[in-house]
Amino acid sequence: MMMIATIISLDGLKATHADDGRLAELRASGTMRVGVTLTSAPWTYLGSDNKAAGYDVEIAKEVGQRLGIANVVFIGDSFKNFIEGLRANKYDAVFNDLPPTPERAKLVDFAEAYGVEDFRIFVKTGNTSIKGLDDLKGRTVGVTTGTTNESWARANIPQAKIAGYENGSFIFQDLGFGRVEATIISHFGGLRYAQATNLGVIEIGGPLTYQLSAPAIRKGETALKAAIDKAILEMIADGTIDRLGEKIIGHDYKMSEAIAKAKAEQSVPKP
């Protein structure tokens, strides 16, 4: 288990919700433990100083400051362990690009979304026959098994030939060698794999769909959830979310706008 402490100033705005239950305990102890992978750049990773870094890390630190919690400790764990690790009290919250799915919401509570990923099409460089979603009909499309991009692809391009992979890097290798014709993956994940494999793979078109990320906490910690909700909504309103997104992810990605688009998409009834 990896534990990395970051001391935070108490000058930030404190939430005004009732100090009962877990929130009161965290404020009294002055420490909040946050589960992260430290391997999910640009969301969470180890910086050059061997300390936790990334967009989600900065969000968690800012939330801690606004809750009046002086010390945020980042605990490295695997993505697959987050829900059970949280329920087993290994950490007090998870901030690591974690989508608030209905299945997970049965086991833990999610606060307000602070981040989003969008999903796009990647093809081999030079492939001019695929320009958008309609061009994927009848094509072989690689997806990572068990992920949101797999379920979305199967639901939205039923005429495509969906090929499941256990590891995203294998998709990009096969894409580069022409064994699959396209993949649907998150913008940031796709760019990372494309760079790592160096096989001439490019992103085409705009976002197909969005996936929110939100803090997870244990069930029943209502005051803590209300305080985190308030902090994140204030961070969106005062521009902190966009400032951190521009600093870490890039100036061409407006996080607050992407969050609003994702929420609007999710509010549309399914046919």
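A residue is called buried when its relative accessible area is under 20%. This tour applies that term to a predicted model.

Begin with phenylalanine 82. Its relative accessibility is 1%, so phenylalanine 82 counts as buried.

The structure holds eight aromatic pairs. Next, select tryptophan 43 and phenylalanine 188, which make an edge-to-face pair at 5.2 Å centre to centre, with 90° between the planes. Which parts of the chain does this pair link? Tryptophan 43 lies in the loop between strand 3 (39–40) and strand 4 (44–46), whereas phenylalanine 188 belongs to helix 7 (residues 187–197), and the two are 145 residues apart. Tryptophan 43 is buried at 3% relative accessible area, and phenylalanine 188 is buried at 10% relative accessibility.

Now extend the selection to Tyr55, Phe95 and Tyr114, which ring pairs link with Trp43 and Phe188 into a cluster.

Keep Tyr55 selected and turn to the largest nonpolar core, which has 54 residues. Tyr55, Ile59, Val63, Leu67, Val116 and Met255 touch the most other members of this core. Helix 8 (residues 222–237) gives the most to the core, with seven residues. A second, separate core has 15 residues, including Val143, Ala153, Ile162 and Ile204. In soluble globular proteins, nonpolar side chains tend to be buried together.

Finally, select arginine 192 and tyrosine 193. Arginine 192 lies over the face of tyrosine 193, 5.7 Å from the ring centre.

Note on methods. Residues numbered from 1 in each chain as written. Predicted model: local features only at pLDDT ≥ 70, side-chain atom pairs only at ≥ 80, totals over all residues. Heavy atoms only, no water. Core = buried A, V, L, I, M, F, W, Y, C linked by side-chain atoms within 4.5 Å. Buried < 20%, exposed > 50% of the residue type's maximum accessible area, 1.4 Å probe, protein only. Helix = DSSP H or I, 4+ residues; strand = E, 2+ residues; numbered from the N terminus. Phe/Tyr/Trp six-rings, centres within 6.5 Å; stacked < 30°, edge-to-face > 60°. Lys NZ or Arg CZ within 6 Å of the ring centre and 35° of its normal.
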